[in-house]
Amino acid sequence: MSKPDSSPVSLVWLRNDLRLEDNPALVAGIEAAGDHGAVVVVYVLEEPDAAEYPLPFQSASQEENSEEARQSVPNSNAPRPLGGASRWWLHHSLTALASSLRAIGGELVLRRGNAASVIPELAHEVNATGVYWNRRYTNARAVDGVIKSRLRTSGIDAHSFQANLLHEPWTVSTGSGTPFRVFTPYWRACLSRPLPRAPLPAPERITTPLTAVASDDLSSWNLLPQNPDWASGLRETWQPGEQAALTRLSAFLEVGLASYHRRDEPSEAVNSMLSPHLRFGEISPFQVWHAVDSARRTELSGQSLDNAAKFLSEIGWREFNASILFYMPYLRDQNVRPEFDAFPWKETDPHQLKAWQTGQTGVPLVDAGMRELWHTGIMHNRVRMVAASFLIKNLLVDWRIGEAWFWDTLVDADEASNPGNWQWVAGSGVDAAPYFRVFNPETQAKKFDPEAHYIQRWVPEFEGDAAGKRAPGAETLFGGSYPAPIVDLRETRVAALAAYDEMRAVG
Ligand code: FAD
């Protein structure tokens, strides 16, 4: 339905909140437009001019800013360009969103460029009386500050909302008012806060302006891979979009949650697989929280109650990482623990790196994970830890190189959780695993994939047991197609610990 051009217009800017349900900015924009107004919903493919964004962050705490060893600013405040798998996801997520909006009378407008210019220009173009968005907590929030002041200077209201985190970073702090650096007390503090608000229903109708607003053609953004089209495994595995996210949540509540105590076993399909849906905001943490919380109040008992608490604490890790990035904008570029700046990484051997990326290291659990990642855009959490530890510790490759590969290949690649977890494995992050904890892929496989179901799914040419012991003659049988390990796990573990000692000696 369309309204005359003289009516008030709300501009709703969607980012990592590609959903209609539980979308406070969308609801507020529709309410502000009222019965006689119109709503323009826009998504901007951000291609920023980094020079436009202010440094440093006013919102970072005094303590973090004054850490002398750290530069308190990241290399750039520009939104991080999406990796290949994320671009694929975005294309399909926007397609799904456009169709949901159309079903209630709306239109999705697509624009590309520097949001700091695009949003104010579009606001003027459509005569917006107010601009609405849900807050983000990444370095790109600097962009939002610029836009807010530009809009207000030209007399346009700008309103932002909490939608994508249960607890905004500045609402959770230690007794002395500083950000938490350890997860357990952080999550305890979150749980002692008022319950997260109930999710908002999806709007039933949207009214668009009488004159159609120009939009890019999604295909012109070239988000999908071509020549070669490497996305067939992604298509087999995923259905991006809000409806699919809700279906995943229901399936998890019905089947996965009761068995979530087996979450570390990669061949068991008990994990929720919600991470890319959460990453793109096709579902909100409020929806997830309330669905699980209401199940535990009404349906669950015994072990399932523990499972629900454990699952919600994983949602807590997502929040914790977001909070870390908020206070440490350099998270992706620099070690959180400055002593790691002296770590003697080996010069990267391109053959070894390629073997890791392509799942050809000869270490079955690592290869299974890396092949799963390449094919599906996801990797089981336990295997991510093992594969990351192998790169960082057995190959002595700087964690930033692994982080960049995951950024490009994961459909859930997240600006906070990806570097946060890589630094966790490296031992250089907050509340990190101690560096000397070197995951042994053989022991991990024996414990979490004892029948080698997961390994055999992804490394079918491997003939051996879960611990990586080859059947006699297996290599000859397969014509040597599965490589021998590229490094000796025991020797490289010793070398990793020696490198750690060398770093400590420098400190
Ligand atoms: P579930 O077990 O069902 O957990 C539910 C939700 O909790 C997840 O969807 C996710 O949003 C959150 N969550 C669970 N574990 C973590 C964690 N350790 N850190 C942060 N959030 C968590 N997760 C990402 O979302 N994006 C990333 O870029 C990312 N990179 C990672 C890199 C490494 C090296 C490692 C070790 C972990 C990484 N993780 C990342 C965390 C974790 O592996 C995934 O969130 C999880 O595997 C997603 O599967 P799921 O949705 O089935 O998880």
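The chat below goes through a predicted model, from its overall build to a few of its parts.

Q: What kind of model is this, and how are residues numbered?
A: The model is predicted: local features need pLDDT of at least 70, side-chain atom pairs count only at pLDDT 80 or more, and totals for chains, interfaces and linings use all residues. Residues are numbered from 1 along each chain as its sequence is written.

Q: How many helices and strands are there?
A: The protein has 20 helices and seven strands. Both are DSSP runs numbered from the N terminus, with helices being H or I of at least four residues and strands being E of at least two.

Q: How much counts as buried?
A: Of the 507 residues, 47% do. Buried means that 20 or more other C-beta atoms lie within 10 Å of the residue's own; exposed means 12 or fewer, partly exposed is in between, and C-beta atoms are placed from the backbone.

Q: Switching topic: what surrounds the ligand?
A: A shell of 27 residues, with Asn 271, Ser 272, Ser 275, Asn 418 and Asn 421 the closest. A residue is near a molecule or strand if its C-beta atom, placed from the backbone, lies within 6 Å of it.

Q: Which helices supply at least two residues of that shell?
A: Helix 9 (275–279), helix 11 (303–327), helix 14 (381–394) and helix 16 each do.

Q: Which residues does UniProt list for "binding site"?
A: The unreviewed entry lists Tyr 260, Phe 311, Asp 412, Ala 413 and Asp 414. They are spread over 155 residues of sequence and, in space, up to 23.0 Å between C-alpha atoms. UniProt positions use the numbering here, feature names are shortened, and annotations may be inferred rather than shown by experiment.

Q: Where does Ala 413 lie?
A: Ala 413 is in the loop between helix 15 (399–409) and helix 16 (417–426). Asp 414 is found in the loop between helix 15 and helix 16 too.

Q: Are those two buried or exposed?
A: Ala 413 counts as buried because it has 23 C-beta neighbours inside 10 Å. Asp 414 is buried, with 24 other C-beta atoms within 10 Å.

Q: What does Ala 413 touch?
A: Leaving out residues up to four places away in sequence, Ala 413 touches Gly 83, Ala 85, Ser 86, Phe 406, Trp 407 and Asn 418. Contact means that the C-beta atoms of two residues, placed from the backbone, lie within 7 Å.

Q: Now strand 3: what does it pair with?
A: Strand 3 (residues 38–46) has eight of its nine residues buried. Six bridges join it to strand 2 (residues 9–14), and the two run parallel. Strand 3 also pairs with strand 4 (residues 108–113) in the parallel sense, over six bridges. Two strands pair if DSSP finds at least two bridges between them.

Q: Which residue in strand 3 is the bridge partner of Trp 13?
A: Val 42. On the strand 4 side, Tyr 43 stands opposite Leu 110.

Q: And why is helix 1 called largely enclosed?
A: Because eight of the 10 residues of helix 1 (residues 24–33) are buried. Those buried residues pack against strand 2, strand 3, strand 5 (128–134) and strand 6 (157–161).
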